[in-house]
Amino acid sequence: MAPTTDVEWSKSSSDPEEELRRLNAQRQPRQMDYNRLVPLAWIPVICLLRFGLRGQVSIGTRDLVFGGSVMGALAHAGYVMGRDTTM
């Protein structure tokens, strides 16, 4: 079974350069998916929470904040992977 695409090749065009120009005009510009950059912010925030709250709040509160941030990061990962249609 051959994969289907949104782009249809016209068999009537004999000029390959004209065909490429037409296909490039149909192409949509790529945009940055900022959801994939969020883990770069989560990693230092989680580490800084652990060390920054040491001695400032009680151990139970610090563990709750740390656990909540880890759960938030995992929820975000599930959200991004749930929207990923390449798999």
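**Salt bridges and a nonpolar patch**

R21 and E17 form a salt bridge in which the closest N and O atoms are 3.5 Å apart. The model is predicted. Across the whole structure, four salt bridges are found. Side chains of opposite charge can pair when their charged atoms come close.

- R21 and E17 lie about one helical turn from each other because they are four residues apart in helix 1, which covers residues 16-26.
- R21 is partly exposed, at 48% relative accessible area, and E17 is exposed, at 52%.
- A network of salt bridges links E17, E18 and R21.
- R22 and E19 also meet through their side chains in a salt bridge, with an N to O distance of 2.7 Å.
- R22 and E19 are three residues apart in helix 1, so about one helical turn separates them.
- E19 is buried, with a relative accessible area of 7%, whereas R22 is partly exposed, with 28%.

- D63 forms a salt bridge with R50, and their closest N and O atoms are 3.0 Å apart.
- This pair links distant parts of the chain, since D63 is in helix 3 (residues 59-83) and R50 is in helix 2, 13 residues apart.
- D63 is partly exposed, with a relative accessible area of 35%, and R50 is partly exposed, with 28%.

**Nonpolar surface patch**

- M32, Y34, L37 and L40 make a nonpolar surface patch of about 460 Å².
- L40 is located in helix 2, which spans residues 38-52.
- L40 counts as exposed because its relative accessibility is 61%, and the cut-off for exposed is over 50%.

Technical notes
Residues numbered from 1 in each chain as written. Predicted model: local features only at pLDDT ≥ 70, side-chain atom pairs only at ≥ 80, totals over all residues. Heavy atoms only, no water. Patch = residues over 30% accessible without salt bridge, like charges linked within 9 Å, V, L, I, M, F, W, Y side chains within 5 Å. Areas by Shrake-Rupley, 256 points an atom, 1.4 Å probe, with all protein chains shown as cover. Helix = DSSP H or I, 4+ residues; strand = E, 2+ residues; numbered from the N terminus. Buried < 20%, exposed > 50% of the residue type's maximum accessible area, 1.4 Å probe, protein only.
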